[in-house]
Amino acid sequence: MTATSLLTPQECAVLIVDAQAGLAFATGSADRQTVRGNLIALAQTAKAFDVPVVVSTSATKVYSGPLMPPLRVVLPDVVPIERRNMNLWEDEAARAAVVATGRRTLIVAGLLTEACVSFPVLSALAEGYAVRVVTDACGGLTPASHEAAIQRMVQAGAVPTSWLQLLLELQRDWTRHDTYEAARGIVVDHGGGYGIGLDYARDMIHP
């Protein structure tokens, strides 16, 4: 897959790294509630399009806490893989879970951008994986350090995206009825004015 290729659900896997409250407390690159909502929207998108999800956590008992509760609700069957390394790719169990999906295109998001997101992205790119980074579902310590980490990943070959662009890329055609209602619902819940507009349009068409 090239950087200009449009994704299909059948070729990608989602990797959510350290979406934990203790790390959200440290997030200063964007509004924490917005980042959390975008992570939820990403997880819901993966579920709606039957894209495999790998979740990893770190320091759950000593600092970071467990996977955020709303993500546990969206992904009840996904067991987070606890690790010690900052770089998920250097943890045997976590890397094996990614490899086991059989997908060579990774959609990556999480906390914090500077390390636990960027390190596995750089390592996966070095092994020939295609990587999209969901930049609005990542959080860094400061806007500057978050942006520097994003730029480093992009320079290494990662492609930046947003959760909404990903959802629309996977849906592509609103007449795809098997995923229409789920995709529409995610946009309504998390898509701001776009979601409000979809609700408004439905009310106007079916008063």
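Reader: Are helix 7 and helix 8 roughly parallel or roughly antiparallel to each other?
Author: In this predicted model, local features need pLDDT of at least 70 and side-chain atom pairs count only at pLDDT 80 or more, while totals for chains, interfaces and linings use all residues. Helix 7 (residues 163-171) and helix 8 (residues 177-190) pack at an angle of about 165 degrees, with their axes 11 Å apart; angles run from 0 to 180 degrees between N-to-C directions, and axes are lines fitted to C-alpha atoms, for helices over the stretch in contact. Angles under 35 degrees count as roughly parallel, over 145 as roughly antiparallel, 65 to 115 as roughly perpendicular and the rest as oblique. Helix 7 and helix 8 are therefore roughly antiparallel.

Reader: How does helix 8 lie relative to helix 9?
Author: Helices (H or I, at least four residues) and strands (E, at least two) are DSSP runs, numbered from the N terminus. The axes of helix 8 and helix 9 (residues 192-205) come within 6 Å and cross at roughly 125 degrees. This makes helix 8, relative to helix 9, oblique.

Reader: How many charged residues are in the contact of helix 8 with helix 9?
Author: Helix 8 contributes Y180, E181, R184, V187, V188 and H190, and helix 9 contributes G192, Y194, G195, L198, D199 and R202. By class, 5 are nonpolar and 3 polar, and the number charged is 4.

Reader: What kind of aromatic pair do W89 and Y129 form?
Author: Rings of Phe, Tyr and Trp (its six-membered ring) pair if their centres lie within 6.5 Å, with planes under 30 degrees apart stacked, over 60 edge-to-face and the rest tilted. The ring centres of W89 and Y129 are 5.3 Å apart and the planes stand at 80 degrees, so the pair is edge-to-face.

Reader: What is the strand order of the open sheet?
Author: Two strands pair if DSSP finds at least two bridges between them. Strand 1 (residues 12-17) and strand 2 (residues 53-58) pair in the parallel sense over 4 bridges. The open sheet has 6 strands with parallel pairing, in the order 3-2-1-4-5-6.

Terms used: Residues are numbered from 1 along each chain as its sequence is written. Side-chain values use heavy atoms; hydrogens and water are left out. Contact means heavy atoms within 4.5 Å. Ala, Val, Leu, Ile, Met, Phe, Trp, Tyr, Cys and Pro count as nonpolar, Asp, Glu, Lys and Arg as charged, and the others, Gly among them, as polar.
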